[in-house]
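Here is a note on the model, point by point. Please read it with the structure open.

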Amino acid sequence: MLVNNSPQIRNPTAQYLQHAMLMAFVILMAEIQPGMSESLAGKVQQALKIYAQAQESTNREERMEKFRQAQRLFAYISDQGVKTPALYTNIGTSALQAENLGDAVLAFRRALVLDPDHPQALKNLQQSRMLLPKWVPRPTEEGLLDSFFSWHKSMSTGERAGLAALFFLLSAVGFSVSIRWRLVLARNLSFLPLLLWLVLLGSYAVEINAKSGQEAVITVNDTVARVSDSVNSPQRFSQPLPAGAEVQVIEVRGDWARVNLSNGRDAWVGIRSLTYVANS
């Protein structure tokens, strides 16, 4: 729970989340209705009804409990094999309203694995990150290198390798011609395919770096991060990690995981305190 260190979600945020939930629900029904059993469809209707009741409640305890019920119902539907961006967004929105920040961040991240451009998941993830304590590092929406190399996601590794080979060949031919016949223009033109070759190599390096660890979210609040894989090891940070902190798992030893935070700092946490974004 984040009652003590996070602001309560109020209007207009609450109104936005309500509209986002309704939109996500419509999309969800359109995506899974054809193969949905009657009982599962009933669970979806029940979850939406409970979510609406929570929005209308003026009693805080009742409202939080209703949001938690909606979260559990949507999660149950996911456990039955329904895994869509809209459903994960519904889980995350319910969790965010229930102040279960770790579950919210995890659900929005899972929605974005399936659809990186899902508008509600993107906006709600940004909202969730803003609720984390300021000292907690968080991923930027798009870093400089990510922005520069964002196009590489639309190309396969084989396609990029083929283009890289072609650009290198063109550059080599151009330089050979410039040396053989002393053509300054050919030499100058050869720098363009050389530059493109370097860009493709850079995009591959970005991809390798992104895959260097498994992405996960801290889902247990007040998780103590330690210097090594021992409960007797000193704390890495002066404060425990809150639920919702996003990490990359670099190494696992028994009940411990070595993680990297978004600012590059590493620490050891209990493996049970985190949940992997990849949901097999």
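This is a predicted model: local features need pLDDT of at least 70, side-chain atom pairs count only at pLDDT 80 or more; totals for chains, interfaces and linings use all residues.

**Notes on the model**

1. Start with helix α5, residues 101–114. It has 14 residues, and at 1.5 Å a residue these should span 20 Å.

2. The mean pLDDT of the protein chain is 83. A value of 70 or more is reached by 76% of the residues. Confidence is highest in strand β4 (residues 266–270), at a mean of 97. Confidence is lowest in helix α7 (residues 144–148), at a mean of 47.

3. Two stretches deserve a flag. Over residues 1–12 the pLDDT is below 50, and the model gives this stretch 21 contacts beyond near neighbours in sequence. Residues 141–145 also stay under 50. For residues 141–145 the model has three contacts beyond four places in sequence.

4. Next, the overall layout. The protein chain has nine helices and five strands. Read from the N terminus, the order of elements is α-α-α-α-α-α-α-α-α-β-β-β-β-β. Of the 280 residues, 42% count as buried. Take the contacts between residues at least 6 apart in sequence: 62% of them join residues at least 24 apart.

5. The β3–β4 pair can be checked residue by residue. Strand β3 (residues 256–260) runs antiparallel to β4, and five bridges join the two. Trp256 has Gly270 of β4 as its bridge partner. Asn260 is bridged to Asp266 of β4. The hairpin has five residues between the strands. In this hairpin, Gly264 takes a positive phi near 95°.

6. The largest nonpolar core has 49 residues. Those with the most contacts inside it are Ile77, Ile218, Leu241, Val259, Val269 and Leu274. Helix α5 gives the most to this core, with eight residues.

7. Leaving out residues up to four places away in sequence, Leu241 touches Trp135, Ile218, Val220, Asn221, Asp222, Thr223, Ala225, Leu261 and Val269.

8. Thr223 is in the loop between β1 and β2. Is Thr223 buried or exposed? Its relative accessible area is 6%, under the 20% cut-off, so Thr223 counts as buried. Beyond residues up to four places away in sequence, Thr223 touches Ile218, Pro240, Leu241, Val269 and Ser273.

9. Ser190 is found in helix α9 (residues 184–210). Its relative accessible area is 2%; with the limit at 20%, Ser190 is therefore buried. Which residues does Ser190 touch, not counting those up to four places away in sequence? They are Ser171, Gly174 and Phe175. Ser190 and Ser171 are 19 residues apart in sequence, yet their C-alpha atoms are 4.6 Å apart in space.

10. Last, helix α2 (residues 38–56). This helix has 19 residues and reaches 27 Å from its first C-alpha to its last. That is close to the 27 Å expected at 1.5 Å a residue. Buried residues of α2 include Leu40, Val44, Leu48, Tyr51 and Gln55. An α-helix has 3.6 residues a turn, so residues three or four places apart point the same way. Ala41, Ala47, Ile50 and Ala54 of α2 are buried as well.

Definitions and conventions: Residues are numbered from 1 along each chain as its sequence is written. Side-chain values use heavy atoms; hydrogens and water are left out. Helices (H or I, at least four residues) and strands (E, at least two) are DSSP runs, numbered from the N terminus. The expected span of a helix is 1.5 Å times one less than its number of residues. Buried means under 20% relative accessible area, exposed over 50%, partly exposed in between (1.4 Å probe, protein chains only). pLDDT is the predictor's confidence in each residue, from 0 to 100. Contact means heavy atoms within 4.5 Å. Two strands pair if DSSP finds at least two bridges between them. A nonpolar core is a set of buried Ala, Val, Leu, Ile, Met, Phe, Trp, Tyr and Cys residues joined through side-chain atoms within 4.5 Å.
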